[in-house]
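Thanks for asking me to look over this one with you.

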Amino acid sequence: MTTPPALLIAGHGTRDDAGAEAFRDFVRELGRRHPGLPVAGGFIELSPPPLGEAVAELVEQGVRRFAAVPLMLVSAGHAKGDIPAALAREKERHPGISYTYGRPLGPHPALLDVLERRLDEALGSSARTPEDRAEVTVLLVGRGSTDPDANAEVFKAARLLWEGRGYAGVETAFVSLAAPDVPSGLDRCAALGARRIVVLPYFLFTGILPDRVRQQTEGWAAAHPEVEVRSADVIGPEPELLDLVMERYEEAVKGDLRMNCDSCVYRIALPGFEDKVGLPQQPHFHPDDDDHHHGHGHGHGHHHGGHSHSHAH
């Protein structure tokens, strides 16, 4: 019987210790749920362990094949470029290994159900009926990116969350790098007539940016007492998230990959982003990586024919 490829979880990284530990706990829980499957996880930046350490851990267990799943909601620069480049670097460090690369989580229906649950928790008994929901406007707040495709994915999630659930509306904002910011998003909700708003962070785990969303929400609410504003929690390590990661793993193993390339700035000349087409992708050099000097200035970022969505090597 052929041994299945190991599972490598690639995280973004955070300066928030609780958020980093939530990721590490999540990886450990995946391992507990699938005892026959080697599972490891690491970060691209900011938090230990670095992704290279996670790969080394698998190699030390005798792993030669693995499937890498980015634990990210949207396909931005990390998922499109940094992780593929980092994996290419690891292939050079560990001759003989091979891997397939899965796709980010995206606005999967299971995660939309979790988001709806978070909204219900934030509203409590005040939104038990369809009539109550019809008075609620949701502000979905994403991380924000310099990649327009990634920002568009958050708008897609907002629309999918609105469809069929009976909210007055679901607006979108970002906490960094992209407009509208949280106060501007709340201003828009109010301008549209909202009197009950729930701010919903589109984040997997706690961290500095979700905390900033809550702080900015509280600041806006204090200045607008005429509007009822509540804050919902992040998605968290729910069973739906654990199951979805395994679904992405199975896709990668079977080669059933459907990453969106139609509006990728590395492939298509989008207005204002023409200089990104065909750019080689360079891996992050994690400060905790013992070999982090490896490859500086040696062109180890691989763009695979002008396009960074490389899934299998």
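1. Let's begin with a pair of helices. The axes of helix α1 (residues 17-33) and helix α9 (residues 239-254) come within 11 Å of each other and cross at roughly 70°. That angle makes α1 roughly perpendicular to α9. From α1, the contact uses Phe26, Glu29, Leu30 and Arg33, while α9 brings Pro239, Leu241, Leu242, Asp243, Val245 and Met246. By type, the residues of this contact of α1 with α9 are seven nonpolar, three charged and no polar.

2. Before going further, a word on confidence, since this is a predicted model. The chain has a mean pLDDT of 86, and 83% of its residues reach 70 or more. Over residues 292-313, however, pLDDT is below 50, although this stretch has 58 contacts in the model beyond near neighbours in sequence. Where pLDDT is low, the predicted coordinates should not be read in detail. I would keep that in mind when looking at the contacts of residues 292-313, where pLDDT is below 50.

3. Next, a sheet. Four strands form an open sheet with parallel pairing, in the order β2-β1-β3-β4. Which strands stand at the edges? They are β2 (39-43) and β4 (98-101); each has a single partner strand, so one side of each is left without a neighbour in the sheet. From one strand to the next, the twist averages 25°. Inside the sheet, strand β1 (residues 6-11) and strand β3 (residues 65-70) run parallel and are joined by five bridges.

4. Helix α1, already met in its contact with α9, lies across β1 and β2 and runs at about 165° to β2. Helix α3 (residues 77-93) touches β1, β3 and β4, and its direction makes about 175° with that of β4.

5. Helix α3 also has a helix partner. The axes of helix α2 (residues 51-60) and α3 come within 10 Å and cross at roughly 45°. The two helices, α2 and α3, are therefore oblique to each other, and their crossing is right-handed. Here Leu51, Gly52 and Val55 in α2 meet Ala86, Leu87, Glu90 and Arg93 in α3. The residues of this contact of α2 with α3 divide into four nonpolar, one polar and two charged.

6. The loop between β2 and α2 deserves a look at its backbone. Most residues other than glycine have a negative phi, and most peptide bonds are trans. Leu46, which lies in this loop, is not a glycine, yet has a positive phi of about 75°. Pro49 is placed in the loop between β2 and α2 as well, and the peptide bond from Pro48 to Pro49 is cis, with omega near 0°.

7. There is another cis peptide bond to inspect: Ala179 and Pro180 are joined by one, with omega about 0°. Where does Pro180 lie? Its place is the loop between β6 and α7.

8. That brings us to the strands β6-β5-β7-β8, which in this order make an open sheet of four with parallel pairing. At its edges are β6 (169-174) and β8 (228-231), each with a single partner strand, so one side of each is left without a neighbour in the sheet. Neighbouring strands here are turned by 25° against each other on average, direction ignored. Strand β5 (residues 137-142) runs parallel to β6, with six bridges between them. Within this pairing, Gly142 stands opposite Phe174 in β6.

9. Two helices to view against this sheet are α6 and α7. Helix α6 (residues 148-162) lies across β5, β6 and β7 (196-201) and runs at about 160° to β6. Helix α7 (residues 182-191) touches β5, β6, β7 and β8, and its direction makes about 160° with that of β5.

10. Finally, α6 meets another helix. The axes of helix α4 (residues 109-123) and α6 come within 10 Å and cross at roughly 70°. Helices α4 and α6 are therefore roughly perpendicular to each other, with a right-handed crossing. Leu112, Leu115, Glu116 and Leu119 in α4 meet Ala157, Leu160 and Leu161 in α6. The residues of this contact of α4 with α6 comprise six nonpolar, no polar and one charged.

Note on methods:
Residues numbered from 1 in each chain as written. Predicted model: local features only at pLDDT ≥ 70, side-chain atom pairs only at ≥ 80, totals over all residues. Heavy atoms only, no water. Pairing = 2+ DSSP bridges. Axes fitted to C-alpha atoms, helices over the stretch in contact; angles between N-to-C directions. Contact = heavy atoms within 4.5 Å. Parallel < 35°, antiparallel > 145°, perpendicular 65-115°, else oblique. Left-handed = near helix turned anticlockwise from the far one by under 90°. Nonpolar A, V, L, I, M, F, W, Y, C, P; charged D, E, K, R; others polar. pLDDT = per-residue confidence, 0-100.
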